[in-house]
Amino acid sequence: MKRRKGFYEAEPLASSIARRDWQHTLERAEESGLPLQSRKGNTGLLFPARILAPVWEEGLRHIILAAIRYSMGRHTYMPSIAVDFTCRNLSCLDESTRSAAAAEIQYHLNRYGEQEPYPRLWNSLSRLLISEEIGQEDRRKETMPILQSLESMERISRQALAADLDAVLERVSRENIGLVITDEGKDDLVLCPASWFDFDYVDDFGCVINCALRYAMRTEDEESEAVVRYARCHYRLFDEKTLSVAVADLERELEEPMEPLKKPQGWKELLELFQQRLTELRQEDSEGEEKSNG
């Protein structure tokens with residue numbers, strides 16, 4: 001099945017067109033997110049606050065740590081994917097997380113020695129995690145914040161956004177900020193620069209998510225609990241392949257487990273969320289094919 005693009009990859013809608021049918025624009029943004037382009041060419045993303053991009057929150061570090069723990073010692077392609085994803089997203093990891101990951105890798109290598117199928121791969125990641133260059137890069141970024149939490153964002157109403165859409169888009173881009181769009185005083189949508197989504201959200205992100213979920217199914221620790229919270233919060237951003245694999249894993253573990261899952265009710269609820277979202281995506285794909293063939 002063809003990979004479905006995320007809303008941040010779609011062609012942006014011109015602000016002049018967006019304002020002609022503002023209600024329809026808001027409905028599209030509420031449903032799955034929408035890129036908007038100002039008259040000067042700057043692009044912003046308008047999407048539901050509930051699907052805040054996963055790269056924004058510190059929970060991503062738990063996903064990466066869980067994926068590393070799951071992948072070490074495996075004779076599959078998962079170690080190379082976990083290592084590559086970690087290397088490309090080092091800026092999302094704070095110093096303590098990198099140190100913890102490096103320590104776990106060294107512990108694993110010291111314990112299993114020649115039994116580890118990819119020692120060079122893990123050694124190279126361990127060295128990179130504690131390198132001075134990464135530390136210097138992070139210190140520079142401390143004075144150049146890029147991302148914001150919802151709590152720190154300024155609030156503006158839907159009406160204020162509609163009244164001066166181009167000016168708001170220009171401001172978001174110029175000041176590199178996010179805005180929470182309210183509806184009757186309640187948080188509703190988020191508007192941010194398109195550049196905030198310029199991160200490695202590609203096919204291997206789904207593999208890393210699946211690794212982390214498999215780890216969480218078998219372990220009770222801080223990472224496992226955080227992985228489940230993260231999945232509940234961001235599952236609407238997972239693509240069809242990621243959801244399909246997660247559904248198959250959970251169905252197998254719930255129906256024919258090698259050993260009983262801890263907290264099975266929580267996993268059943270997560271499975272239902274994944275199944276519902278997978279059905280929605282497949283229906284959207286089917287409707288899209290019908291329109292293109294019609």
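**Exercise 1. Identify the salt-bridge partner of Glu-222 and locate both residues in the chain.**

Solution. Glu-222 forms a salt bridge with Arg-61, and their closest N and O atoms are 3.9 Å apart, where a salt bridge is a side-chain nitrogen of Lys or Arg within 4 Å of a carboxyl oxygen of Asp or Glu. The pair links distant parts of the chain, with Glu-222 in helix H11 (residues 222-234) and Arg-61 in helix H3 (residues 59-71), 161 residues apart; helices are DSSP runs of H or I with at least four residues and strands are runs of E with at least two, numbered from the N terminus. Glu-222 has a relative accessible area of 49% and is partly exposed, given that buried means under 20%, exposed over 50% and partly exposed in between (1.4 Å probe, protein chains only).

The model is predicted, so that local features need pLDDT of at least 70 and side-chain atom pairs count only at pLDDT 80 or more, whereas totals for chains, interfaces and linings use all residues. Residues are numbered from 1 along each chain as its sequence is written, and side-chain values use heavy atoms, with hydrogens and water left out.

**Exercise 2. Determine whether Glu-253 is buried or exposed, and describe its salt bridge.**

Solution. The side chain of Glu-253 meets that of Arg-218 in a salt bridge, at 2.1 Å from N to O. This pair, too, links distant parts of the chain: Glu-253 belongs to helix H12 (residues 240-255) and Arg-218 to helix H10 (residues 203-218), 35 residues apart. Glu-253 is buried, with a relative accessible area of 14%, while Arg-218 is partly exposed at 29%.

**Exercise 3. Explain which parts of the chain are tied together by Arg-236 and Glu-280.**

Solution. The two side chains meet in a salt bridge of 3.4 Å, N to O. Because Arg-236 lies in the loop between H11 and H12 and Glu-280 in helix H13 (residues 264-293), the pair ties together parts that are 44 residues apart in sequence. Glu-280 is partly exposed, at 24% relative accessibility.
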